[in-house]
Amino acid sequence: MKLIAITAFPVRASALLALAIASGCALPLPDKPVRPAAYDLGALATAPAAAATTGAPLAFDRVEAPAAIDTSALVYRLLYAGGEQQPRPYAQARWSMAPPQLVGQRLRDALAATRPVLEPGTGLAALELRADLEEFDQVFSTPTASEGVVRLRVTVLAPQAKQNRLLGQRTFTQRRPAPTADAPGGALALREATDALVREVVDWVGTLAVPRS
């Protein structure tokens, strides 16, 4: 009888363990983490008006930006709540690349439709363009009304043998209303504002007199 009692204990423990495992399998599994939706500026909607590579060769490297903008976060500001100085990132939305890269790619493509675009330092460019992205936000004036705001400072130089000659400097700002008060609406508004700004920059560069060698 003692032998039966001793051997029965492992059987009973095994049955309890199996029941616990079965009960655990019946519990719902935790949801997988939701990845933030990634946005970019899409394809260039329209080419600049002077869509012919007849302009003087231009050197352009990249768009510079402060650390607060040089991030993949899709940022908004609540002006109506006193949050003008408080950039807030959307938790479930981001850019596929940092805004300076997105704007730089857009600007390079638009410039390349009107003139050869080269890397700085080749010695073959008649102009050199430098750009600094100063703002790239979705700004809310009310809980339901917002706009995409893009501000870019552009400097154009004429490379010389020993020093650069300043041809012009200008700050461009474009605003476009967001169709919806959320991340998709902000991304669309910032795309439209960027496209308008890029067109304005390309047109302005085309008015600058290229110095003769």
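How many bridges join strand β3 to β6? Strand β3 (residues 73-78) runs parallel to β6, and 3 bridges join them. Strands here are DSSP runs of E with at least two residues, helices are runs of H or I with at least four residues, and both are numbered from the N terminus. Two strands count as paired if DSSP finds at least two bridges between them.

The model is predicted, so local features need pLDDT of at least 70 and side-chain atom pairs count only at pLDDT 80 or more, while totals for chains, interfaces and linings use all residues. Residues are numbered from 1 along each chain as its sequence is written, and side-chain values use heavy atoms, with hydrogens and water left out.

**Strands around β6**

Strand β6 covers residues 127-142. Its pairings are listed below.

| Partner of β6 | Sense | Bridges | Residues opposite each other |
|---|---|---|---|
| β2 (residues 58-64) | parallel | 5 bridges | V63 and A131 |
| β7 (residues 145-159) | antiparallel | 13 bridges | T142 and A145 |

A hairpin leads from β6 to β7 through 2 residues.

Helix α3 (residues 183-207) has 25 residues, which at 1.5 Å a residue should span 36 Å; its end C-alpha atoms are 36 Å apart, in agreement. The expected span is 1.5 Å times one less than the number of residues.

Helix α2 (residues 99-112) packs against α3 at an angle of about 40°, and the axes are 10 Å apart. Axes are lines fitted to C-alpha atoms over the stretch in contact, with angles from 0 to 180 degrees between N-to-C directions. The two helices are therefore oblique to each other. On the α2 side the contact (heavy atoms within 4.5 Å) involves V103, R106, L107, A110 and L111. On the α3 side the residues are R191, T194, D195, V198, V201 and V202.

Key
Angles under 35 degrees count as roughly parallel, over 145 as roughly antiparallel, 65 to 115 as roughly perpendicular and the rest as oblique.
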